[in-house]
Amino acid sequence: MGRIWNLEEHKGKTALIEESGLQMTYEDLDSEAYALAERIGHRCLVFSLCRNEIGSVLGYTAFINHGIVPVMVSSHLEETLLDNLLKVYSPEYLWVPKEQADRFAGMARAYEAYQYVLLKTGYEIRYPLYEELGLLITTSGSTGSPKLVRQSYTNVLDNAQSIAEYLHLDDTERPITTLPMNYVYGLSIINSHFLVGAALLLTEKGLMQKEFWDFFREMEATSFGGVPYTYEMLDKLRFCRMKLPSLRTLTQAGGKITPELHEKFAGYAQETGKNFVVMYGAAEATSRMGYLPPEKAVEKKGSMGIPIPGGTFTLIGEDGEEVRTPMTPGELVYFGKNVTLGYAEKGADLALGDERHGRLETGDIAQFDADGYYYIIGRNKRFLKIYGNRVNLDEIDRLIKGRFQIEAASTGADDHMVIFVTEQDYAESVRDFVIETTKLNPAAFKVIVIDEIPKNESGKTLYSALLKEYT
Amino acid sequence: MSNLEKYNQAFMDAFEITQDQLAGLQYRGISAWDSVGHMELIAQVEDAFDIMLDTDDIMDFKSYEKGKEILSKAEYGVEF
């Protein structure tokens, strides 16, 4: 039996269905995972270059279920960012899509399965791994920051159980992938559904592609997840008019959806007998922390709900005291077994133990209503959510300064970043550089040239002044 | 502005590209034309011609040339 799932328990059932038509049962997944893990043979670090295909899911399953620690990154991660991560963490192996293998010249092919290849890096440094460390995942997909979240086996299992419980998952579910598996929300869908023996529908196609919907209908998908931007796209596609009888549940996370869209999709779900479930979470809490029960979706518009089973919320006011009155803002603190161990920023950090002890300061400002439903109303930290991905603004500034040796200050709102620079000559190169390194769509941000970046007496950038003045 | 000019401008605004890049341009052919860019493009095209595209047409709108074909259909009636 594996460390997370007992795959054998579901052995007659289908585990994975790929858009290519390829399928895999739980029995095969179990034995294929065993074969891959056995080839590696010992606990070590593996970089897993993810995409929504059987080979990728097989690798993840093999690693986490057999005590090998995967670092989950996108197979589309920009090369220099990936090289930097590899240098920092010095993994023993890489698990990569076959056609990308040639890029890693000099690494020996150790194993191959389902269009994925196991490469032995040959790196000499081996960092010790804390015994409870289960997997590593980035907080922001795009900037390639070396900062990783350290998730334990208990974290992954506990969160998956909790999700399966509040979404009432069983083996008749067929979630279709709409999110990458190197993103905690996408990964949590895999984790929770393997627990109940459901079949995952895997596709790299997006909502904007006919093939996605053909696959959806043909395989009778029952659920999908979406970030706020996903719901904007669905709205644009007149989703509410589509006939999707197999669909039971739509989940939403990865940032706050607009009240208008919340209302629209909650109403759609109510009319069509489906569930619309708004959720709240973070990579630091494995994935989920809160959810709005679907029967409250219409009534509690704008709320992210209540704590997931096994978790609790507390609000800490500006005076440092716990907030006990409704509609009073405070910083949201979460308690639960899914609170991760902490961060890693360098190889040596992989040996660190639990630094959080089940308590997470989310950095979000929230309030609760008289019925105990929570609403996110602001954020303490310098990051934006762009298309569901966290983009660390200080990291963006640092990348630009590092590349051009010029001043830069980024700010903005979710899905709309604004980067201020003072050098007209660099505006276009900054824009191109940000697109190239972060892979953000140009529609997600603007570069604005100003005379001077406002600062206070101690030299700190006044981001709020910037935003107020120029947007 | 002629319809062709309006159409070209929608692409250039959505993807921040120049006119010489338009011929043969396809979905995912440039980094800006991903799913996010696609929404941007559709919004620009709908605004430019004051129309609402059908779901199927939004998904079929997969190249610069295909888009013209779609807009030329009777229900949108855009002549190039």
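**View 1. Chain B meets chain A in this predicted model.** The contact draws 14 residues from chain B and 16 residues from chain A. On the side of chain B that touches chain A, the elements giving two or more residues are α2 (35-49) and α3 (55-60) of chain B. Helix α2(B) gives the most to that side, with 7 residues. Sorted by class, the side of chain B that touches chain A holds 6 nonpolar, 5 polar and 3 charged residues.

**View 2. A:K236 touches chain B through B:M39 and B:I42.** Find A:K236 in helix α7 (residues 228-236) of chain A. The contacts of A:K236 with B:M39 and B:I42 leave out residues up to four places away in sequence.

**View 3. Chain A is assigned two parts, domain 1 and domain 2.** Domain 1 of chain A covers 7-378, and domain 2 covers 383-470. How far apart do the C-alpha centres of these two domains lie? The distance is 28 Å. Where the domains meet, 14 residues of domain 1 of chain A are in contact with 16 residues of domain 2 of chain A. The side of domain 1 that touches domain 2 has 4 nonpolar, 9 polar and 1 charged residues by class.

**View 4. Strands β23, β24 and β25 of chain A form an open sheet.** The order is β23-β24-β25, with mixed pairing among the 3 strands. β23 (408-413) and β25 (445-449) of chain A stand at the edges. Each has a single partner strand, so one side of each is left without a neighbour in the sheet. On average, neighbouring strands here are turned by 25 degrees against each other, direction ignored. β23(A) and strand β24 (residues 416-421) of chain A run antiparallel, joined by 6 bridges. Look for A:A408: its bridge partner in β24(A) is A:V421.

**View 5. Strands β2, β1 and β10 of chain A form an open sheet.** The order is β2-β1-β10, and the pairing is mixed. Which strands are the edge strands? They are β2 (23-25) and β10 (200-202) of chain A, and each pairs on one side only. Neighbouring strands of this sheet are turned by 15 degrees against each other on average, direction ignored. Strand β1 (residues 14-18) of chain A pairs with β10(A) in the parallel sense, over 3 bridges. A:I17 has A:L201 as its bridge partner in β10(A). Helix α1 (residues 26-40) of chain A packs on the sheet and touches β1 and β2 of chain A. The direction of α1 makes about 85 degrees with that of β2(A).

**View 6. Helices α4 and α5 of chain A cross.** The axes of α4 (residues 153-166) and α5 (residues 184-196) come within 8 Å. They cross at roughly 75 degrees, and α4(A) and α5(A) are therefore roughly perpendicular to each other. From α4(A), the contact takes A:V156, A:N159, A:A160, A:Q161, A:I163 and A:A164. From α5(A) come A:S188, A:N191, A:S192, A:L195 and A:V196. By class, this contact has 6 nonpolar, 5 polar and no charged residues.

**View 7. Strand β16 of chain A has a covered face and an uncovered one.** Strand β16 spans residues 312-316. A:F313 and A:L315 make up the covered face. A:T312, A:T314 and A:I316 make up the uncovered face. β16(A) pairs with strand β17 (residues 330-335) of chain A in the antiparallel sense, over 5 bridges. A:F313 stands opposite A:Y334 in β17(A).

**View 8. Strands β19 and β20 of chain A form a hairpin.** Strand β19 (residues 359-368) and strand β20 (residues 374-379) of chain A run antiparallel, with 5 bridges joining them. A:Q367 has A:Y375 as its bridge partner in β20(A). Between β19(A) and β20(A) lie 5 residues. In the turn, A:G372 has a positive phi of about 85 degrees.

Notes:
Residues numbered from 1 in each chain as written. Chains lettered and ligands numbered in written order. Predicted model: local features only at pLDDT ≥ 70, side-chain atom pairs only at ≥ 80, totals over all residues. Pairing = 2+ DSSP bridges. Helix = DSSP H or I, 4+ residues; strand = E, 2+ residues; numbered from the N terminus. Axes fitted to C-alpha atoms, helices over the stretch in contact; angles between N-to-C directions. Contact = placed C-beta atoms within 7 Å. Nonpolar A, V, L, I, M, F, W, Y, C, P; charged D, E, K, R; others polar. Parallel < 35°, antiparallel > 145°, perpendicular 65-115°, else oblique. Domains from an automatic or database assignment. Buried ≥ 20, exposed ≤ 12 C-beta atoms within 10 Å, placed from the backbone.
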